[in-house]
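This report describes a single protein chain for a reader who is new to structural analysis. Please look at the sequence and the structure below before reading on.

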Amino acid sequence: MLSFIIPFKYNEEVHLTPLEFDILLLMINHTNSVLTYTDIYNTVWKAESIGDNRSVMVHVSNLRKKLEKDNSERYITTVKGTGLSVYCQDLSKNLL
């Protein structure tokens with residue numbers, strides 16, 4: 001299985017699947033903006049969403065587990081009823 005490795009804080013490597021990497025890259029490119037689940041799906045999967053957000057939610061949940069190991073760290077924020085936002089400034093200071 002293809003995976004991407006990004007260096008992260010504490011000199012740990014974080015292994016991301018291609019979809020996780022694409023979601024993270026999209027969010028970083030739209031830092032401090034709110035992306036709807038539909039926008040994320042349409043861009044990353046390169047297909048039109050049929051209204052089911054669970055695929056995006058599962059991959060974002062996995063990203064959170066890999067990037068936000070300490071429960072006090074929140075880089076990806078859920079905007080209730082709308083979508084997701086990433087705070088790149090906080091995230092980028094932990095990327096090597």
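## The two sides of helix α3

The face of α3 turned away from its buried side carries two exposed residues, Arg54 and Lys65. Here, exposed means over 50% relative accessible area, buried means under 20%, and partly exposed lies in between, with a 1.4 Å probe and protein chains only. The buried residues of α3 are Val56, His59, Val60, Leu63, Arg64 and Leu67. They cover an arc of only 145° around the axis, so they lie on the same side of α3. The arc is taken from the directions that lead from the helix axis to the C-beta atoms. An α-helix has 3.6 residues a turn, so residues three or four places apart point the same way.

Helix α3 has 14 residues and reaches 20 Å from its first C-alpha to its last, close to the 20 Å expected at 1.5 Å a residue. The expected span is 1.5 Å times one less than the number of residues.

## Basis of the description

The model is predicted: local features need pLDDT of at least 70, side-chain atom pairs count only at pLDDT 80 or more, and totals for chains, interfaces and linings use all residues. Residues are numbered from 1 along each chain as its sequence is written, and side-chain values use heavy atoms, with hydrogens and water left out.

## The chain as a whole

The chain contains 4 helices and 5 strands, in the order β-β-α-β-α-α-β-β-α from the N terminus. Helices (H or I, at least four residues) and strands (E, at least two) are DSSP runs, numbered from the N terminus. Of the 96 residues, 35% count as buried.

The structure holds 1 salt bridge, a term for a side-chain nitrogen of Lys or Arg within 4 Å of a carboxyl oxygen of Asp or Glu. It joins the side chains of Glu20 and Lys66, at 2.6 Å from N to O. Because Glu20 lies in helix α1 (residues 18–29) and Lys66 in helix α3 (residues 54–67), the pair ties together parts that are 46 residues apart in sequence. Glu20 is buried, at 2% relative accessible area, whereas Lys66 is partly exposed, at 25%.

## Ser85 in strand β5

Ser85 belongs to strand β5 (residues 83–86) and is buried, with 3% relative accessibility. Leaving aside neighbours within four places in sequence, Ser85 is in contact (heavy atoms within 4.5 Å) with several residues, among them Met27, Tyr75 and Val79.
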